[in-house]
Amino acid sequence: MEKIRLRKDFVDERSVLTQCPVCDTYVHQEESFTCPRCNKSPLCRKHRVPGRKECASCVFDLTRKELDALRRQEESLQQFLRFLQFIFLCCAVIFIALKFGMSEFVEILQHSQLPTYIMYFSIIPVAGYILFFLILYNQRGKVADMEHQIRKLEVRR
Ligand SMILES: [Zn+2]
Ligand SMILES: [Zn+2]
């Protein structure tokens, strides 16, 4: 008599369980969740990311997209830094040329205040370089953080 009742309980228990579409584990209805992005349900807790509503697979995709955007931004920042370096180099070349008396040969360069102007003007690319270098540095920190996140998510997918 006792044995039969136990078996009945077991059968009831099975009917409440459903299979997780990702890892095929049986999950309790109350312990599962639905991802609002890909609508997969019932997902087991293993695919839940702390602080997020989406499943690990969706968070992984979103993070990867963000990471790609950040990397593209990083590339254009580096290009801009190279451009600033170029401007600074031009300033330096003109400045040195003026100091060595090039102005005697080129008429436009004969303005007596020109070396001073160029010296002041070269501050712009230098200041810009420092500013954008700091932005790039900050960006790299973010990228490293996201790469770490992605590696952790990969296991939960
Ligand atoms: Zn699962
Ligand atoms: Zn999802």
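This section describes the fold, the nonpolar core and selected backbone features of a predicted model.

The secondary structure of the protein amounts to four helices and two strands, and these elements follow one another along the sequence in the pattern α-β-β-α-α-α. Of the 157 residues, 8% count as buried. Among the contacts that link residues at least 6 apart in sequence, 49% join residues at least 24 apart.

The largest nonpolar core is made up of eight residues, namely Cys35, Leu43, Cys44, Cys55, Ala56, Cys58, Val59 and Leu153. Helix H2 provides the most to this core, contributing three residues. Because residues are supplied both by domain 1 (1-48) and by domain 2 (53-157), the core lies between the two domains.

The loop between strand S2 (26-28) and H2 contains Pro42, and the peptide bond that joins Ser41 to Pro42 is cis, with an omega of about -10°. Asn39 is also found in the loop between S2 and H2, and this residue adopts a positive phi of about 60° although it is not a glycine. With 8 other C-beta atoms within 10 Å, Asn39 is classed as exposed, because the limit for that class is 12 or fewer.

A positive phi is likewise found at Asp24, where the angle is about 65° although the residue is not a glycine. Asp24 is placed in the loop between strand S1 (17-19) and S2. Asp24 counts as exposed because 8 C-beta neighbours lie inside 10 Å, a count that falls within the limit of 12 or fewer set for exposed residues.

Helix H2, which spans residues 56-99, also includes Gln73. This residue has 15 C-beta neighbours inside 10 Å and therefore counts as partly exposed, the class that lies between the limit of 12 or fewer for exposed residues and that of 20 or more for buried ones. Although Gln73 and Gln139 are 66 residues apart along the chain, their C-alpha atoms are separated by 8.8 Å in the model.

How values were computed
Residues are numbered from 1 along each chain as its sequence is written. Chains are lettered from A and ligands numbered from 1 in the order in which they are written. This is a predicted model: local features need pLDDT of at least 70, side-chain atom pairs count only at pLDDT 80 or more; totals for chains, interfaces and linings use all residues. A nonpolar core is a set of buried Ala, Val, Leu, Ile, Met, Phe, Trp, Tyr and Cys residues joined through C-beta atoms within 7 Å. Domain bounds come from an automatic or database domain assignment. Two residues are in contact if their C-beta atoms, placed from the backbone, lie within 7 Å.
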